[in-house]
Amino acid sequence: MNYKETTDWLFKKLPMYQNHGESAYKANLDNIVILDEYLDFPHRNFKSIHVAGTNGKGSTSHMLASVFQEAGYKVGLYTSPHLKDFRERIKINGEVISECEVVDFVEVNRNFFEENNLSFFEMTVGMAFDYFSNQKVDIAIIEVGLGGRLDSTNIITPELSIITNISLDHTKFLGTTLESIAKEKSGIIKSNIPVVIGQAGYELRLVFNEVAKKNNAEIIFTEDFRFENLESDLLGDYQVFNMKTVQAAFKILQKSWDLKPVHLKKGLLKTVANTSLLGRWQKLSENPLVLCDTAHNEEGLKIVISQLKKLEYATLHIILGVVNDKDLNKLLPIFPKDAKYYFSKPNVPRGLKETELKNKAKHFQLLGNSYTSVSKALSASKLGAKKNDLIFIGGSTFTVAEII
């Protein structure tokens with residue numbers, strides 16, 4: 001198979017959470033353990049940092065990778081989902097894995113994948129770990145896909161664990177309370193391995209402290225420290241929290257890595273340049289100004305909409321698309337009633353039908369037309385917008401992916 005045929009096979013032939021939702025979720029680590037052994041335990045051949053959390057784990061992972069790159073290390077970066085190309089999930093020093101590497105890995109191991117009915121995510125984690133091992137990275141920043149305790153990445157023993165924050169998301173799998181979600185995500189806390197917690201209220205601190213104590217793990221709550229106000233090329237307001245989490249992690253990592261304050265400052269300033277991160281408060285064009293952001297849950301969207309309201313514009317146009325497992329009764333009230341809406345369906349099986357989204361939005365006085373694709377919605381918004389208007393695209397990672 002060529003690269004396109006290989007990725008088509010990955011996407012279509014095997015279950016993948018981002019497409020199919022609940023049916024792709026496996027509540028154990030059996031398969032990744034089997035795959036890891038079959039690949040000769042590649043995760044043992046490189047050092048790592050493990051990053052979990054409801055919001056900000058992708059940005060935090062990219063920031064950390066950038067800091068290590070500025071210090072001269074060879075840095076692997078595993079994140080999910082991708083926006084445009086599958087290879088965005090697996091990078092070394094900002095360069096995506098080659099098409100040949102993807103094709104060869106699948107071709108060599110395809111029979112094993114099929115015999116063991118491995119999921120898309122299990123195969124992708126195996127590919128990343130195998131690639132980082134073969135390329136002899138100094139360290140790999142590994143982002144959790146879903147949850148923590150039962151996530152396929154959770155076979156690693158990292159140098160440091162990070163949990164950015166906790167809010168209600170993926171409640172079908174992780175639980176319906178913040179405490180239950182915190183317990184699942186705290187499953188990445190390992191014996192005698194320090195853990196940084198980005199944001200946590202009193203009750204969640206109790207959860208994290210209990211797990212850390214059982215594992216004899218040093219625990220650092222970012223909120224307990226004051227940090228210098230540093231700048232980043234990631235411009236979303238929510239990045240302030242992620243930068244503080246990175247600064248807390250930096251304090252610990254300095255003890256065992258050759259990291260200096262200048263590496264931290266340059267790394268934060270050059271995160272996009274060093275890692276090619278997309279979709280975080282990203283400007284796509286001007287006159288009219290077009291912005292997009294991948295925030296897709298209540299906590300993330302509140303910050304994004306608040307930042308939108310700070311900008312100057314004549315009319316706000318919002319292209320909105322969501323997946324079908326979101327609680328619209330919580331999400332839709334966040335959006336401003338005085339904007340013009342362009343309701344669309346993200347091009348994944350889980351995408352919520354645009355007419356259903358439009359009808360639901362009416363109950364919250366959010367009015368506009370519906371479009372069968374995000375690109376059609378964007379075209380319509382540009383036709384209707386004046387130079388001093390603002391167009392925002394969001395609601396789902398997959399909505400943004402279609403127009404990046």
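Pro-288 is found in the loop between β9 and β10. Helices (H or I, at least four residues) and strands (E, at least two) are DSSP runs, numbered from the N terminus. The model is predicted: local features need pLDDT of at least 70, side-chain atom pairs count only at pLDDT 80 or more, and totals for chains, interfaces and linings use all residues. Residues are numbered from 1 along each chain as its sequence is written, and side-chain values use heavy atoms, with hydrogens and water left out.

A cis peptide bond joins Asn-287 and Pro-288, with omega at about 5°. Asn-287 is found in the loop between β9 and β10. Asn-287 is not a glycine, yet has a positive phi of about 55°. Most residues other than glycine have a negative phi, and most peptide bonds are trans. Asn-287 is exposed, at 54% relative accessible area. Here buried means under 20% relative accessible area, exposed over 50%, and partly exposed in between (1.4 Å probe, protein chains only). Another cis peptide bond, with omega of about -5°, joins Ser-80 and Pro-81. Pro-81 sits in the loop between β2 (75-78) and β3. Asn-216 has a positive phi of about 50° and is not a glycine. Its place is in the loop between α9 (202-214) and β8. At 56% relative accessibility, Asn-216 counts as exposed.

An open sheet of six strands has the order β9-β10-β14-β11-β12-β13, and its pairing is mixed. Two strands pair if DSSP finds at least two bridges between them. The edges are held by β9 (282-285) and β13, each with a single partner strand, so one side of each is left without a neighbour in the sheet. On average, neighbouring strands of this sheet are turned by 20° against each other, direction ignored. Axes are lines fitted to C-alpha atoms, for helices over the stretch in contact, and angles run from 0 to 180 degrees between N-to-C directions. Strand β10 (residues 289-292) runs antiparallel to β9, joined by three bridges. Lys-283 stands opposite Leu-291 in β10.

β12 and β13 pair in the parallel sense over four bridges. Tyr-341 has Gly-368 in β13 as its bridge partner. The chain crosses from β12 through α15 to β13, and this β-α-β crossover is right-handed. That term applies if, with the strands pointing away from the viewer, the path from the first strand over the helix to the second runs clockwise. In α15 (residues 354-362), Glu-354, Leu-357 and Ala-361 are buried. They cover an arc of only 60° around the axis, which puts them on the same side of α15. The arc is that of the directions from the helix axis to the C-beta atoms. The buried residues of α15 pack against β11 (316-320), α14 (328-331), β12 (340-344) and β13 (368-371). Contact means heavy atoms within 4.5 Å. Helix α16 (residues 374-384) lies across β10, β11, β12, β13 and β14 (390-394), and runs at about 170° to β11.

Eight strands form an open sheet with mixed pairing, in the order β4-β3-β2-β5-β1-β6-β7-β8. β4 (95-96) and β8 (219-221) stand at the edges, each with a single partner strand, so one side of each lacks a neighbour in the sheet. Strand β1 (residues 47-52) and β5 run parallel, joined by five bridges. The bridge partner of Lys-47 in β5 is Ile-139. Helix α10 (residues 239-253) packs on the sheet, touching β1, β6, β7 (195-197) and β8, and its direction makes about 165° with that of β6.

The largest nonpolar core has 34 residues, of which Tyr-78, Ile-90, Phe-113, Met-127, Phe-129 and Phe-132 touch the most other members. Such a core is a set of buried Ala, Val, Leu, Ile, Met, Phe, Trp, Tyr and Cys residues joined through side-chain atoms within 4.5 Å. α6 gives the most to this core, with nine residues. Apart from it lies another core, of 32 residues, among them Leu-77, Ile-252, Leu-264 and Leu-268.

Asn-109 is found in helix α5. Asn-109 is buried, with a relative accessible area of 6%. Leaving aside neighbours within four places in sequence, Asn-109 is in contact with Tyr-38 and Leu-39. Ser-152, in the loop between β5 (139-143) and β6 (160-163), is buried at 8% relative accessible area.
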